[in-house]
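Please read the following note beside the sequence and the model.

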Amino acid sequence: MVWDARDGRMLAVLEQPSGSPVRVCRFSPESTYLVSGAADGSVVLWNTQSLKLYRSGNVKDGSLVACAFSPNGNFFVTGSSCGDLTIWDDKMRCLYNEKAHDLGVTCCDISSQPVSDGEHGFGYFQMASCGQDNQIKLWLILFADFLGVELKYKYTLSGHSAPVLACAFSYDGQMLVSGSVDKCVIIHETSTGNTLHTLSRHTRYVTTCAFAPHSPLLATGSMDKTVNIWQFDLKQPCAGNTVENESKVAVEDWSEDDVSAWLCAQDLADFVGLFKMNNIDGKELLNLTKESLTNELKIESLGLRSKVLQKIEELRMNMISASVTIPDEFLCPITRELMKDPVIAADGYSYEKEAMENWISNKRRSSPMTNLPLHSLLLTPNRTLKMAISRWLESQQKYSETT
């Protein structure tokens, strides 16, 4: 679907000719073209002026899962689930193909700044590809009139311990950021391949990352439902030498200022003054109870006390889930998060109540697990599972207290 960003109008629905689900789409730098890639490996180049199909093609094998345009818009690269990288020109001619990642490509990006190799004067573009093999590979795409196109391997970055889901170059091409299933964000120096920073604030898979074009900011997004914004200290010799909040601080070690920041993030900013007056740091925060909120902090409203306690309980659960592997049967199949109020649906599977209600309210009448029709929309509380999750949480809490 193509939307007008100025007023939110939907301009067109562009249907993949094969009818296969679209997995990735990208505009060319000047928005002349839009490329879409699908699960069956079909690639379509759309003319954005006419909103009509311009050219189409297919990768050799697998689904098309990644795409990036060159800064000049003259070519683009696609990555497939079979591990191939393919270079296409703006006429949809296949210029080059390379087997890059044995277990499949997950994403790719091309630096916005072309570079000269200094030796022959050829212009080249830096490209990064990421894979299910936990690796990031840096490539040079070389263009020369008499040589044609060449994809030249530069080096492999192996800092992640799980599949890499996202990567992006900084505007000047000097840094590359990556996010992974291992929950970490790594900032690499492209000239040397050295790791500048490892950021570990996220508690779930890191699925996307992006540098701001003209300011020292980085954004990372995760399955933990948060976007983290990072700021670089430009006073340092290298723009990436210092990143605010680089190390993950355990909640128990939070300062009073950390607690204040957390309160604001939880829409509880009205309590910042009260908590500071009572010197509530991370350790004190985790020990707060209904009684201490009433008697010591003098929070008279039952509703507000309940809200604070609920947020603290969520914080405790996040701490546990971030540090241990949660049994799969305790995770909601829809959200992949620890269930608080599990219910059994007509398909026999258990889901988080709110997630399943949202599923049904969106007029879905099929099972999230089997895709078969649900013969009933009745949701039955799974008290046995809820008790099992509670017991497991208690055991984890006791273990963390003893260690």
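1. The lining of the second largest pocket is made up of 25 nonpolar, 9 polar and 3 charged residues. In this division Ala, Val, Leu, Ile, Met, Phe, Trp, Tyr, Cys and Pro count as nonpolar, Asp, Glu, Lys and Arg as charged, and the others, Gly among them, as polar. A pocket is found on a 1 Å grid over the protein atoms alone, as an open set of points where a 1.4 Å probe fits, with protein on both sides within 12 Å along at least five of seven lines; lining residues have an atom within 4 Å of a point.

2. The model is predicted: local features need pLDDT of at least 70 and side-chain atom pairs pLDDT 80 or more, whereas totals for chains, interfaces and linings use all residues. Residues are numbered from 1 along each chain as its sequence is written, and side-chain values use heavy atoms, with hydrogens and water left out.

3. The second largest pocket holds about 850 Å³ of space, a volume being the space filled by probe spheres set on the grid points, which are joined across faces, edges and corners. Of its 37 lining residues, Arg 26, Cys 108, Asp 109, Cys 167 and Ala 168 lie nearest the centre. At least two lining residues come from each of the strands β3 (22–27), β7 (64–69), β11 (105–110), β16 (164–169) and β20 (206–211). Strand β11 gives the most, with 6 residues.

4. The chain contains 7 helices and 25 strands; these are DSSP runs numbered from the N terminus, with helices (H or I) of at least four residues and strands (E) of at least two. Of the 403 residues, 43% are buried. Buried means under 20% relative accessible area, exposed over 50%, and partly exposed in between (1.4 Å probe, protein chains only).

5. Which residues have the most contacts inside the largest nonpolar core? They are Leu 263, Phe 275, Leu 285 and Leu 288, in a core of 19 residues. Such a core is a set of buried Ala, Val, Leu, Ile, Met, Phe, Trp, Tyr and Cys residues joined through side-chain atoms within 4.5 Å. Helices α1, α2, α3 (282–286) and α5 (302–323) each give two or more residues to this core. A second, separate core of 18 residues includes Met 317, Phe 330, Ala 345 and Leu 385.

6. There are 7 salt bridges, a salt bridge being a side-chain nitrogen of Lys or Arg within 4 Å of a carboxyl oxygen of Asp or Glu. One of them pairs Lys 276 with Asp 257 at 2.7 Å, N to O. Lys 276 lies in helix α2 (residues 272–277) and Asp 257 in helix α1 (residues 256–265), so the bridge ties together parts that are 19 residues apart in sequence. Lys 276 is partly exposed, at 36% relative accessible area.

7. Shared partners join the salt bridges of Asp 4, Arg 6, Asp 7 and Arg 9 into one network. Within this group, Arg 9 meets Asp 4 at 3.5 Å and Asp 7 at 2.9 Å, N to O. Arg 9 is partly exposed at 46% relative accessibility, whereas Asp 4 is buried at 7%.

8. Is Ser 191 buried or exposed? Ser 191 counts as exposed, with 56% relative accessibility, and lies in the loop between β18 (185–189) and β19 (195–199).
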